[in-house]
Amino acid sequence: MTSAADLLTAPTAPEVPGAVREFFPSELPGLLPYAYHPHAAEIEFASNGWIRARLGDCFAGEAELLHFLRQRNGLYGPLTVPRADRRRARDIADFYQFVTVVDSFVSDRAELGASVEGAREVFAAMG
């Protein structure tokens, strides 16, 4: 099997006009999620409430917050740990949501519509 390091250091083939170039990534190291946590709906709802209460000020207004919540990031926790206890699944859901808020703010501030100072205040208050 070819390693990532081998691919990075291997000589490149000469470009042939019209030739198709392909690569085949290695197989996934584990199985993809196959089930929701039995309390997935409750966990998502509670995590959305946490976002509203703790990170709501990162959004320009209710419309932007609702746009974010409709992405259903709160389901990632229940999908990744379908057998975890409810508290653990909720913590993971909150973490995914938090990271997504930060990522959205950094990559496209217009997405959230908040000022840098406002986001700093929100994140500092969490520490």
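Mentor: A salt bridge is a side-chain nitrogen of Lys or Arg within 4 Å of a carboxyl oxygen of Asp or Glu. This is a predicted model, in which local features need pLDDT of at least 70 and side-chain atom pairs count only at pLDDT 80 or more, while totals for chains, interfaces and linings use all residues. Residues are numbered from 1 along each chain as its sequence is written, and side-chain values use heavy atoms, with hydrogens and water left out.

Trainee: What makes glutamate 42 and arginine 86 a salt bridge?

Mentor: Their closest N and O atoms are 2.8 Å apart, and the rule asks for a distance within 4 Å. The pair therefore meets the definition. Glutamate 42 lies in helix 2 (residues 40–55) and arginine 86 in helix 5, so the bridge ties together parts that are 44 residues apart in sequence. Helices here are DSSP runs (H or I, at least four residues), numbered from the N terminus.

Trainee: Why is glutamate 42 called partly exposed?

Mentor: Buried means under 20% relative accessible area, exposed means over 50%, and partly exposed is in between (1.4 Å probe, protein chains only). Glutamate 42 has a relative accessible area of 47%, so the residue is partly exposed. Arginine 86, with 42%, is partly exposed.

Trainee: What do arginine 52 and glutamate 62 tie together?

Mentor: These two residues form a salt bridge, with the closest N and O atoms 2.9 Å apart. Arginine 52 lies in helix 2 and glutamate 62 in helix 3 (residues 62–69), so the pair ties together parts that are 10 residues apart in sequence. Arginine 52 counts as partly exposed at 38% relative accessibility, and glutamate 62 is partly exposed at 43%.

Trainee: Where do arginine 87 and aspartate 91 lie?

Mentor: Both are in helix 5, 4 residues apart, which is about one turn of the helix. By the salt-bridge rule, the count comes to 5.

Trainee: Which residues make the nonpolar surface patch?

Mentor: The patch, of about 380 Å², is made by Tyr76, Phe95, Tyr96 and Val99. Patch residues have over 30% relative accessible area and no salt bridge; like charges are joined within 9 Å, and nonpolar side chains (Val, Leu, Ile, Met, Phe, Trp, Tyr) within 5 Å. Helix 5 (residues 86–107) gives the largest share of the patch, 3 residues.

Trainee: How do you know that tyrosine 96 is partly exposed?

Mentor: Tyrosine 96 has a relative accessible area of 31%, so the residue counts as partly exposed. Tyrosine 96 is found in helix 5.

Terms used. Areas by Shrake-Rupley, 256 points an atom, 1.4 Å probe, with all protein chains shown as cover. Helix = DSSP H or I, 4+ residues; strand = E, 2+ residues; numbered from the N terminus.
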